[in-house]
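Subject: Structure handover

Hello,

Here is the structure I said I would pass on. My notes on it follow below.

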2 protein chains.
Amino acid sequence: MNSKLHLALLCINIKLSFTHLKLFYIITFLTIVHSNSQTPGGYELWLGHTEIEDPTVRSEYVETTNSIFFSNKSTILQTAKAELVRGLDGLLGQPINVQNSRHLLNSMWVVKKADLNQELQSALKGDFEKIGKEGFIIRPVSVDGRSILLISANEDVGILYGVFKLLQLIKMQKSLAGVNVVETPKIKLRMLNHWDNLDRTVERGYAGFSLWNWQKLPEYIDQRYTDYARANASIGINATVLTNVNANALVLTDAYLEKVAALADVFRPYGIKVYLTARFSAPMELGGLNTADPLDNDVIEWWNNKVKEVYKFIPDFGGFLVKANSEGQPGPQNYGRTHVDGANMLATALQPFGGLVIWRAFVYSETDATDRAKQAFIEFVPYDANFLDNVLVQVKNGPIDFQPREPFHPMFGAMPNTPLVMEFQITQEYLGFSTHLVFLPKMYKEVLDAETYRKGKNATVAKVIDGSLFNKKISGMAGVSNIGTDLNWTGHPFAQANWYGYGRLAWDPYLSSETIAEEWLRLTYSNNSEFVEPVKSIMITSREAVVNYMTPMGLHHLMDTGHHYGPGPWVGDLSRPEWNPTYYHNSDKDGIGFDRTPSGSNATSQYAPEVAKIFNDPETCPDKYLLWFHHLPWDYKLKNGGILWDAIALNYQKGVDQVEQMIGIWKQVKTYISDDQYNEVRMLLEIQLKEAKWWRNACLLYFQNFSERELPIGVELPDENLEYYKSLKFPYAPGN
Amino acid sequence: MNSKLHLALLCINIKLSFTHLKLFYIITFLTIVHSNSQTPGGYELWLGHTEIEDPTVRSEYVETTNSIFFSNKSTILQTAKAELVRGLDGLLGQPINVQNSRHLLNSMWVVKKADLNQELQSALKGDFEKIGKEGFIIRPVSVDGRSILLISANEDVGILYGVFKLLQLIKMQKSLAGVNVVETPKIKLRMLNHWDNLDRTVERGYAGFSLWNWQKLPEYIDQRYTDYARANASIGINATVLTNVNANALVLTDAYLEKVAALADVFRPYGIKVYLTARFSAPMELGGLNTADPLDNDVIEWWNNKVKEVYKFIPDFGGFLVKANSEGQPGPQNYGRTHVDGANMLATALQPFGGLVIWRAFVYSETDATDRAKQAFIEFVPYDANFLDNVLVQVKNGPIDFQPREPFHPMFGAMPNTPLVMEFQITQEYLGFSTHLVFLPKMYKEVLDAETYRKGKNATVAKVIDGSLFNKKISGMAGVSNIGTDLNWTGHPFAQANWYGYGRLAWDPYLSSETIAEEWLRLTYSNNSEFVEPVKSIMITSREAVVNYMTPMGLHHLMDTGHHYGPGPWVGDLSRPEWNPTYYHNSDKDGIGFDRTPSGSNATSQYAPEVAKIFNDPETCPDKYLLWFHHLPWDYKLKNGGILWDAIALNYQKGVDQVEQMIGIWKQVKTYISDDQYNEVRMLLEIQLKEAKWWRNACLLYFQNFSERELPIGVELPDENLEYYKSLKFPYAPGN
């Protein structure tokens, strides 16, 4: 509860105490209970249900939910009912009357299609066809001449999603009078990927450690597991990969499967399926075989048996996510086989149980370093026709690796016969860890909205992903989780918005990032527009700010080695060329940037000709991708008349200025939230500002060695020299 | 809030809604706020302040605290005032009236001695002399003919402790009518030792990871740091060592000292000083010297400068805790010097600033393995007269290493010229991690109450520790912390009682464990004796239970290697003899146990003759230490007439039975607490039972190979064979 609310309560107490002594006692009795609940900030995420203060607004909802018929039979429906009661109880501040059978005076029904009478089923036929297995309907219907608010769905999980939607509408104080929501997720597989290790460290985790307490599982069920499932279900996430893609075979042993099954039991009532990463060499490590060749009969048999075993523990197991022949992980190429051989072997084992193989396309050759950006395309596109039906190929949003800005990955649109899963990174490996406020849906949307030109115009990446462009039966989106044991789950309170926003875009990749930011702010902080509007502007600016102060104008991979914390554009001595920042920015006296046009690596040829044409010419290539595709002289004239060096420097400065503006706005909204809420973000913004300056100073001092030019007017002079920035070391940076 | 209380509120709502419509709205308004505060269970520790329900009881406190004069000038006093307001507000359910100046109608004063008038100062002269720097007085005094409740102290921190004491009295509903508390801590240095690494792993930590988020410090101050300080201050802990005794020199660099200083700033207002572990080789690792010889001038100068630097960052820095020449840690012996040379060199550097060196006595030779139990005594006792005044030697409670039961360490009482700090382990490295309910104050008391006979009778270990036996000016107790990032801080909710109980015994080592258990239960769960009494019996039994099912009758060091999780009595192949369980139980066809009498290692000679005499004779040696001191045949006749083998087996069975009884009792108290509170402990008790059986089965099957005897009647037959238990592997057990 925020402090202002608390003050209000005390005032009531004092006013009443003189006239209604007995009443005074009752009220104070209630006050205390609350005032001592030291809820650690942010644990509730966007699911806190404080009462709506305005009695007029509240009364509409009280009337609508006055008498609810809720037909609940399955565990998922029981979950949905519990959420409805808990949410309404909170929002409306009174006990909710829910019945298991129909009443004449019902004001609301939460009923699956099969339990509706024929008349309503016919009347809503069109809607029921639209919403499929996971969608829902929220609208008033007429029953015996009375208007009743109906939440309905074809399947149990649709009811659960509908309940969460209704609670969100009420929390945002949308009128239910003319409500007519007919929603269904546009993407089937809405997945979190946890890069969680069995020792509870999280690769690229910046919010503490892994939620999965393997030591105490399966017997001890942490309350957090349930709260995690609630949060995911509330935004439509229906799948979770529990383990790191840099995989450990041990999770496939009985001792761990028993624990995985316990988690699956917690998640199932929230419509969430469990997946695991499969280490390709598991038949050797666990089975004692001397090969993991996917065409070897013993290997095939081992996996067949292993999959059977997994399904004995977890009857609705989702399947395997596999990182193979990438950054040292074993894979089929170790035996002269292909990704197809590997994926199809596992897919064959999973197929009888309805399981999926999600095979990652994040690969780059250990031997050919001509252009890392090209390699996934080269290895996968030729196999487009060869994967089995239950194989999906998971592709990162851009061709390098989750940089602050990358053009969309050229594989999107290039494999019409293969369902491609979009892999976004929610955890901020390259975007300031959990100390920088960066609203990622803005970045996700840039990729989803990109035109592939693979089937004419309007063939956006979103249409590839949701399966609509090439009529795919299955579709998926994966988000590399930013969740850990921190009290507020994500370290930075605004990083909750990235979890939330990822889920919303997996549900509907056509939502705008502005809509998502506004929803999240209203659900999490305050429904007051005087708070929401300025803070929304912070969120919307934030992604461009981080690009500006880290890697403007198409620069990429400038971070320091290993931990990826802070700038390291000078690093050029790592064993593999494509691990070095110098490989990517390629600076010398003559200029800067990676030539990916036909005169260089010709990576642009992997895009459709319409796209390649735009990228190939520095005159048409958007400035934001300029140095991604071109190596240009320091005095190259830009469209706005300035020269390249000045533009780089001014962009770095602009990033710093934007963070300063974010701080200014945050200070102005102080009064709308609690002191704790205000202070934690303010402290983090100060770190962000310090680190934005660090990035600017270190990069400009370094590049200045090559450009041999002064900083343009308006750019602050660095307060340390380059040697200082090079000397900084962070041996215990998290997530490494 | 527990669920019954919530139900009660709803009843009030319903009853009133028919007659007082307006009232109804006000009340429901309040209800909701609470019903949605998803307080993760246990975060509040023993500091939750729910309102006292009984209006008669409450009215006494309301009257007494009706008008409070609180003279606050320092930051510590401001802390104390904030705690008083927060606590009373919660417990009494109404805003508290606190003034900065005296009023005629004051009912209570919280005032330091210096701010009292001469008359009161004289009247309380005796009390003020008793309470020293950290103590306090709580008692009614007469001012102008009116009775006023006074909290007073000589120093600020005494006021803080007095405030916490008052809140505890009120929470436990003790009448304040005749209150007369004159308390002062009996031990000066009341310290937590965190074995926290800079990567946030915690050596022997079973409650998540380190609270210290080095990445975000110094700018970001996590709310947990403050809540940690509050909890410690509330039980009188006044010192914290932030880093692992297996030390990392990096914490002594500026980059980290700045972070340490930020933590010190948070802890200072709660009367808590920060200490660090000093890696003895730091002059080489950080300073680039080629030696860390404590007699080398460059080394001495390096440490002098380093200490100056530390005090620039942290003006009230406490000092260094050092583990040297122990388990691979560097130390003075690497250069042919002694512990005295090392400790005194550091002490000389710290002395000008009032800093302390706490030098650990936990050492055992890498070359001489005759009896590890003897080695600390051999290395330290001869140097009794040689340590400087600001050196304390920290000694583990027993001569091996935090086993479920050890006799007291023979160094206690044997070094009259050196202040010895008692090192207890709160984290349950050898006692079931954070899944077993074991109330450790019962164990601590066994050691503190032990008779050393070093100055005749009644020369207990407690009197050595508190400095009273040998008139020491300084005294200390250290507890190896069980605190981590788990929502409830300690993993097992009952492990909070070990943190609490450790603090209480550091304050007063003469308290009984029963008193502590009762206090903690009343402050944490419920003041209802029908809950408190049975659960207290669980706690009091629990320590004996774990001894029985792990290491009965003086057995010790039977755990598996490395992680120390579960039984491994069969392990005998580790490189150093004294790392092997077989070295300790020493079983063969002829018998079992470690002969430490004059016919064996003669470790008993390190005790006073009176003690040695008791231990040397198996007839007088208590059964609980029998196999610690004696190697005896399997058919050895015990005092009760039974034979040794049967007694061992029956003790293992008894441990299992005791856990089953604990579960039975817990089931009976279900109705007094919330479902969540009940369930989490029930789940953990089930794990404890499973693991108690595992210990019993594994140990008895193994020892049976030597005893070649049947299990006596009453002992359950193991459900697996010995090979099964030997095959269990736990590569990711926590804390390793």
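Helix 14 of chain B is where E446(B) is found. Please keep in mind throughout that this is a predicted model. E446(B) has a relative accessibility of 17%, and because the limit for buried is under 20%, E446(B) counts as buried. The side chain of E446(B) is joined to that of R405(B) by a polar contact of 2.8 Å. Which residues does E446(B) contact, leaving aside its neighbours within four places in sequence? They are R405(B), R543(B), K624(B) and Y625(B).

**Aromatic pairs**

Over all chains, a search of the whole structure gives 99 aromatic pairs. One of them is formed by W46(B) and Y500(B), with an edge-to-face arrangement, 5.2 Å from centre to centre and 70 degrees between the planes. This pair links distant parts of the chain, 454 residues apart. W46(B) is in the loop between helix 2 (21–35) and helix 3 (55–64) of chain B, while Y500(B) is in helix 16 (residues 496–507) of chain B. Both W46(B) and Y500(B) are buried.

Another aromatic pair, F424(B) with Y444(B), is stacked, with 4.2 Å between the centres and 25 degrees between the planes. Here too the pair links distant parts of the chain: F424(B) belongs to strand 13 (residues 420–425) of chain B and Y444(B) to helix 14 (residues 441–448) of chain B, 20 residues apart.

In chain A, one aromatic cluster is formed by Y43(A), W46(A), W212(A), Y225(A), Y228(A), F267(A), W489(A), W499(A) and Y500(A).

There are also charges placed over rings. The charged end of K396(A) sits over the ring of F362(A), 3.2 Å from the ring centre. In chain B, K216(B) lies over the face of Y220(B), at 5.3 Å from the ring centre.

**The nonpolar core**

In soluble globular proteins, nonpolar side chains tend to be buried together. The largest nonpolar core in this model has 474 residues. Which of its residues touch the most other members? They are F267(A), W499(A), W666(A), F267(B), M411(B), W499(B) and W666(B). F267(A) and W499(A) also belong to the aromatic cluster of chain A. Leaving aside neighbours within four places in sequence, M411(B) is in contact with A361(B), A376(B), F377(B), F380(B), V381(B), V393(B), V395(B) and L420(B).

**Strand 13 of chain A**

Strand 13 (residues 420–425) of chain A has 6 of its 6 residues buried, so the strand is largely enclosed by the rest of the structure. Both of its faces are covered. On one side L420(A), M422(A) and F424(A) are buried, and on the other V421(A), E423(A) and Q425(A) are buried.

Strand 13 of chain A pairs in the parallel sense with strand 12 (residues 391–396) of chain A, over 4 bridges. In this pairing, K396(A) has E423(A) in strand 13 as its bridge partner. K396(A) is the residue whose charged end sits over the ring of F362(A). Strand 13 of chain A is also joined to strand 14 (residues 476–480) of chain A, by 5 bridges, and these strands run parallel. There, Q425(A) has V480(A) in strand 14 as its bridge partner.

**Backbone points to check on screen**

Most residues other than glycine have a negative phi, and most peptide bonds are trans. Some places in this model are exceptions.

- The peptide bond from L217(A) to P218(A) is cis, with omega near 5 degrees. P218(A) lies in the loop between strand 7 (189–193) and helix 8 (223–234) of chain A.
- In chain B, the bond from L217(B) to P218(B) is likewise cis, with omega near 5 degrees. P218(B) is in the loop between strand 7 (189–193) and helix 8 (223–234) of chain B.
- H557(A) has a positive phi, near 55 degrees. H557(A) lies in the loop between helix 18 (529–550) and helix 19 (581–585) of chain A, and is buried, with a relative accessible area of 6%.
- Y453(B) has a positive phi, near 55 degrees. Y453(B) lies in the loop between helix 14 and helix 15 (461–465) of chain B, and is partly exposed, with a relative accessible area of 22%.

Regards

Technical notes: Residues are numbered from 1 along each chain as its sequence is written. Chains are lettered from A and ligands numbered from 1 in the order in which they are written. This is a predicted model: local features need pLDDT of at least 70, side-chain atom pairs count only at pLDDT 80 or more; totals for chains, interfaces and linings use all residues. Side-chain values use heavy atoms; hydrogens and water are left out. Rings of Phe, Tyr and Trp (its six-membered ring) pair if their centres lie within 6.5 Å; planes under 30 degrees apart count as stacked, over 60 as edge-to-face and the rest as tilted. Helices (H or I, at least four residues) and strands (E, at least two) are DSSP runs, numbered from the N terminus. Buried means under 20% relative accessible area, exposed over 50%, partly exposed in between (1.4 Å probe, protein chains only). A charge sits over a ring if NZ of Lys or CZ of Arg is within 6 Å of the ring centre and within 35 degrees of the ring normal. A polar contact is a pair of N or O atoms within 3.5 Å; within protein, one must be able to donate a hydrogen and the other to accept it, and residues adjacent in sequence count only if both atoms are side-chain atoms. Contact means heavy atoms within 4.5 Å. A nonpolar core is a set of buried Ala, Val, Leu, Ile, Met, Phe, Trp, Tyr and Cys residues joined through side-chain atoms within 4.5 Å. Two strands pair if DSSP finds at least two bridges between them.
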